[in-house]
Amino acid sequence: MSGVAFDAVIATIAIPAVAAMVLAVVPAWRLASRINVAASFLTIAASCVLLWHRPAPGTLFLIDDLNIVFLLLNGFVGFTTSVFSASYIAHELQTGHLTPRYLRFYHAMYQVMMVGMNLALITNNLGLMWFGVELATLSTVMMVGIYRTPASIEASWKYLILGSVGIALALFGTILIYLAAKPVLGVGMGAMQWTNLLGHAARLDPALLNVGFIFLLIGYGTKAGLVPMHAWLPDAHAEGPTPISAVLSGLLLNVALYAILRFKVLLAMSHATIEPGILMIGVGLLSLFFAGIMLYRRRDIKRMFAYSSIEHMGIIAFAFGIGGPLGNIAGLLQMMMHSLTKSAIFFSVGHIAQAKGTQKIAAITGLTKSHPLLGWTLVAGVAAIAGLPPFGIFTSEFLLITSTFAQAPVLAVLLGLGILLAFGALLLRMTSVCFGEPSEGSHAITASSVPIFLHLGIVLLIGIAMPAFLYAWFAHVATLLG
């Protein structure tokens with residue numbers, strides 16, 4: 001492992017870890033906000049170095065074309081969310097929703113969350129990946145309850161309990177994979193390394209691999225918000241700070257999905273195991289239809305977009321389940337577009353809730369008149385997340401439906417119906433929220449709109465003309481996924 005590459009790998013964990021310790025003792029919230037932004041910027045800069053200086057796989061770390069996609073997306077959305085957070089929390093402090101003491105805790109936990117997610121992405125060890133996901137979960141649990149209201153504390157406890165069940169099941173699945181590898185790779189760390197497992201996949205016990213994957217799909221699927229393990233997600237979004245809603249939908253769900261994909265590749269290389277794609281297709285369709293129906297019943301705007309996240313995680317799981325070159329490319333593109341779009345939507349929704357003083361959809365109308373900038377950015381965000389052209393989600397969903405139709409027409413029809421079901425709910429809600437006469441109680445806010453425009457701009461540009469290098473990159477990753 002070269003010096004530059006090794007330093008960059010360590011920096012993706014060390015920078016947020018050091019920043020968390022510093023932020024835990026910095027009393028001035030303005031300075032803490034700047035430190036949070038600076039640390040997030042340095043983390044994405046270190047991740048970018050890995051594009052050109054790729055280290056060889058080691059005992060603890062593995063950087064390949066699959067996890068570098070997740071790592072860069074993680075760093076970028078983490079950085080832009082920290083920028084948005086700086087202006088968002090200033091208003092929360094002014095209104096008394098947060099205190100300087102809680103803000104110090106919030107910033108420290110934000111960087112701890114980045115440590116956990118980055119560790120889960122770059123490690124070559126199954127146990128460390130599990131630990132990274134658990135660390136990220138615990139830090140977000142504490143941030144969800146930071147308002148200290150009865151509803152937020154209930155949401156954080158619900159998240160903690162369901163998340164703990166999920167991570168316990170994932171741990172049991174990890175142990176089963178280790179037991180399958182131990183007769184072949186021996187006792188110790190060697191049987192926990194991805195590179196060793198993939199190199200000897202055909203020799204591993206298929207029965208243990210099958211049972212292990214089912215536990216892992218349920219366990220990490222809980223973190224990914226897949227139905228029926230999704231119940232924590234709407235409450236966490238509705239009651240937690242909006243920046244945390246952005247990183248939950250845009251990042252943490254992806255990290256859990258990444259863990260599932262790693263194990264899916266392992267099973268795919270062992271021809272005696274079950275077909276993991278079938279399970280992912282089933283869970284994906286269930287998530288898609290359930291979320292599509294529930295979207296019509298939401299009365300809280302953040303809760304509504306939480307169910308939209310469940311819908312899209314279902315689409316992504318379906319895409320990786322159907323597999324093949326085009327299915328995997330569609331899944332990667334859908335994942336990236338959803339992360340950028342949904343975080344931009346939550347940026348808008350956070351400021352809208354501050355401007356209106358409520359998250360109730362019935363009390364939010366006429367945004368394009370009362371707050372034109374926020375109203376029209378929400379219109380653009382909803383159009384993008386609903387899959388309307390020329391945004392990037394239209395490209396990924398069109399690619400997925402057409403590629404699925406060539407393999408399994410019935411599944412393509414079901415997928416299309418599920419997408420249309422959610423599409424109708426989102427447009428219905430957008431019409432009432434963004435148009436008509438403005439509701440009472442509006443007031444101006446000072447907010448940074450740069451992250452919103454940056455995210456939606458990228459989604460629009462990729463939808464209009466997807467760069468050749470990005471398609472080639474995703475095509476290569478698609479071959480790794482099988």
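In this predicted model, Asp 64 is buried, with a relative accessible area of 17%. Its side chain meets that of Arg 262 in a salt bridge, with an N to O distance of 3.0 Å. Because Arg 262 lies in helix H10 and Asp 64 in the loop between H2 and H3, the pair ties together parts that are 198 residues apart in sequence. Arg 262 is buried as well, at a relative accessible area of 6%.

**Salt bridges**

A search of the whole structure finds four salt bridges. Among them is the contact of Lys 158 with Asp 235, in which the closest N and O atoms are 2.9 Å apart. Lys 158 lies in helix H6 (residues 150-185) and Asp 235 in helix H9, so this pair ties together parts that are 77 residues apart in sequence. Lys 158 is partly exposed, with a relative accessible area of 33%, whereas Asp 235 is buried, at 16%. Asp 235 also meets the side chain of Arg 303 in a salt bridge of 2.5 Å, N to O. Since Arg 303 belongs to helix H12 and Asp 235 to helix H9, the pair ties together parts that are 68 residues apart in sequence.

**Pockets and cavities**

| Space | Volume |
|---|---|
| Largest pocket | about 490 Å³ |
| Second largest pocket | about 390 Å³ |
| Largest cavity | about 40 Å³ |
| Second largest cavity | about 30 Å³ |

The largest pocket, of about 490 Å³, is lined by 23 residues, of which Glu 92, His 97, Tyr 147, Ala 238 and Gln 359 are the closest to its centre. The elements that give two or more residues to this lining are H3, helix H9 (232-239), H12 and helix H13 (324-356). By class, the lining of the largest pocket has five nonpolar, twelve polar and six charged residues.

The second largest pocket has 14 lining residues, and those nearest its centre are Leu 72, Phe 76, Met 336, Ile 458 and Trp 473. Two or more residues each come from helix H2 (29-52), H3, H13, helix H18 (450-464) and helix H19 (468-481). H3 gives the most to the lining of this pocket, with four residues. By class, the lining of the second largest pocket has 14 nonpolar, no polar and no charged residues.

The structure also holds two cavities of 30 Å³ or more. The largest cavity is lined by Ile 301, Met 304, Phe 305, Leu 378, Val 382, Leu 426, Arg 429, Met 430 and Val 433. Helix H12 (301-322), helix H15 (372-385) and helix H17 (409-434) each give two or more residues to this lining, and H17 gives the most, with four. The lining comprises eight nonpolar residues, no polar ones and one charged residue.

Around the second largest cavity stand Phe 70, Leu 73, Asn 74, Gly 250, Leu 251, Asn 254 and Val 255. Helix H3 (65-94) and helix H10 (242-268) give two or more residues to its lining, with H10 giving the most, four residues. Its lining divides into four nonpolar, three polar and no charged residues.

**Nonpolar surface patch**

Phe 405, Val 410, Val 413, Leu 414, Leu 417 and Leu 420 make a nonpolar surface patch of about 580 Å². The largest share of the patch, five residues, comes from H17, while Phe 405 is placed in helix H16 (residues 392-407).

How values were computed:
Residues numbered from 1 in each chain as written. Predicted model: local features only at pLDDT ≥ 70, side-chain atom pairs only at ≥ 80, totals over all residues. Heavy atoms only, no water. 1 Å grid on protein atoms, 1.4 Å probe; cavity = no way out; pocket = protein on both sides within 12 Å on 5 of 7 lines; lining within 4 Å. Points joined across faces, edges and corners; volume = space filled by probe spheres on them. Nonpolar A, V, L, I, M, F, W, Y, C, P; charged D, E, K, R; others polar. Patch = residues over 30% accessible without salt bridge, like charges linked within 9 Å, V, L, I, M, F, W, Y side chains within 5 Å. Areas by Shrake-Rupley, 256 points an atom, 1.4 Å probe, with all protein chains shown as cover. Buried < 20%, exposed > 50% of the residue type's maximum accessible area, 1.4 Å probe, protein only.
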